[in-house]
Amino acid sequence: MNDRKKIENLLLKLSENKNRWAELKLSEKKNYLNNAMNILLTESKQWADSCIRAKGLDELSEISGQEYLLGPAIVMKQLRLFIKALDANGCPKIPKIYKSKANQYIARVVPANVYDKVMWGGFTAEVRILKNKEPTQGMFYRKDKVTGSLSLVLGAGNVSSISPLDALHKLFIEGKVCLVKLNPVNDYLLDIFNNVFDDLIKEGFLAFIKGDSETSEWLCNHPLVDDIHITGSHKTHNKIVWGDETPPKPIDMNKIKNNKNITSELGCVTPVILIPGMWSDEQLEYHARQIASAVENNGSFNCNAMKLIVTCKGWQQRELFLKQIRKELSLLKNRKAYYPGAQNRYNEFLKRYPQAEVLGEKKVGCIPWTFIADIKKSENEYAFNEEAFCGIISETAIVADDIPSFIRAATDFCNNEVWGTLSCSVIVDPFTRKEYFQEIEDCIEELRYGAIGINCWSALSYAFASTTWGAYPGHTLDDIQSGIGAVHNGYLIDFPEKSVIDAPFIIKPTPVWFYNNKNIREIAKKLIQFEYSQNPFDFLKLIFAATKG
């Protein structure tokens, strides 16, 4: 039996069971989540080790612990949150809901309990709900009548948790059965995913398969597929919708090749805005290290890797900070350029920016850590419009007379001149934040990004699982940018606008997402165990591991 025939049989099985899944009792759905958690606990090491080998990491290095965090740890947390949601009939209690001065509902989801208050001391995480919408939850579970659907998920090849998380969203938030076509870059995880979700697969509610781009194209147009979710490139999305990487001009909706509903997460030129202040040497080093860590993580093959530092030209400490960035990048160890096309993307940047500073070691099979400073604003500037999906980070300086002017200019610049709306970060010291409180509040309110990290890497919105992950609402098929829709969303909030993570200006001990954390592997393993058990003894072990970072 050839592969197409096998996939056809899987589609038929899923289609036959889609109404049964939609109508299944919540208690029965919850059993599948519990079973997956039990299996994941035993499979987490093999899952992480498979990624470590594929990405050329030293199995004994602390950096290899990233693969525990990027994979099984986040999935374990999402499973736990969805169990909690099903226990509450799709409407889990939100820790705090309030209205902003702009009359917008805001759901505070972190801290949710005593564990959060200890583990995330000083943090808050909020989901802002679309203006003029009520804070409702669990839309699928409130329907009087439900009709089953079959979703196709085109998986991502970079972060191992993306495909299973997208599938869980389809299954448990949207009530749809799911076929996941893994990306060839990480389809070595097929057997592990089949083990973790064995019960769902046997019952005909979920399936994972391998396949090339031709398989993806065939599936996207298959009559049994009701809708599609893609994590990847906007060019791939456009090819599915329009048959070409670029939409036709002028736009002609009659030329659409695929009319199915498509949700997506398609990357971003992720900016980090540095609001001028007087920072100590320790603070300069901390935030330069945080940015370098966001570049280094996963070899910089992350759609939320910080890619564009936005500074104020007149900031007295700008050169000091850029000097510290150079130092941190030069300290990073090489990472294997495992993601296809990395060298070509790197060469395109160097062709356009001969002033680029190669700070990392040049080594065959690796992209050296590279910094491009002081890029001037110009129409269609390459670095503002092309995601450097490799070890490059750029900087641009905005001329402004004072701090309020800079905040407004930086907000407008990121909204209007930087490609994508997935996530961004804003770094501001406590004194400056207090002094310009309203201006900074306006900045956070106006930034059109699906996730915003204040004093932290915006990737935390992906990792928390209780927050949302996806583009800022409003993109259309003719200008898709970072995509349409949001995933994760552990509280099943119906109309999310964006998530905002607010962190202390400096965190001690060393955050686990910093490249120089000395105990990443142990922290990650203890986190998986704690997310599974929610046991105070496991929590104490996690906190003890964190203090050694």
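This is a predicted model: local features need pLDDT of at least 70, side-chain atom pairs count only at pLDDT 80 or more; totals for chains, interfaces and linings use all residues.
Helix α14 (residues 403–417) lies across β9 (270–274), β10 (306–312) and β13, at about 150° to β10. The sheet itself is open and mixed in its pairing, and its strands go in the order β1-β2-β3-β18-β15-β14-β9-β10-β13-β12-β11. At the edges sit β1 (96–99) and β11 (357–358), each pairing on one side only. Over by β11, helix α12 (residues 342–352) packs on the sheet and touches β11, β12 (370–372) and β13 (392–398).

Now for the five-stranded sheet. This one is open too, but its pairing is parallel, with the order β6-β5-β4-β7-β8. Its edge strands are β6 (206–209) and β8 (261–265). Ignoring direction, neighbouring strands are turned by 15° against each other on average. Helix α5 (residues 162–172) packs here, in touch with β4, β5 (177–181), β6, β7 and β8.

| Helix | Reference strand | Angle |
|---|---|---|
| α14 (residues 403–417) | β10 (306–312) | about 150° |
| α12 (residues 342–352) | β12 (370–372) | about 35° |
| α5 (residues 162–172) | β5 (177–181) | about 165° |

What about individual strand pairs? β2 (residues 105–110) and β3 (residues 124–129) run antiparallel, joined by four bridges, and V110 has A125 in β3 as its bridge partner. In the parallel sense, β4 (residues 150–154) pairs with β7 (residues 227–231) over four bridges, and L152 stands opposite I228 in β7.

How values were computed:
Residues are numbered from 1 along each chain as its sequence is written. Side-chain values use heavy atoms; hydrogens and water are left out. Two strands pair if DSSP finds at least two bridges between them. Helices (H or I, at least four residues) and strands (E, at least two) are DSSP runs, numbered from the N terminus. Contact means heavy atoms within 4.5 Å. Axes are lines fitted to C-alpha atoms, for helices over the stretch in contact, and angles run from 0 to 180 degrees between N-to-C directions.
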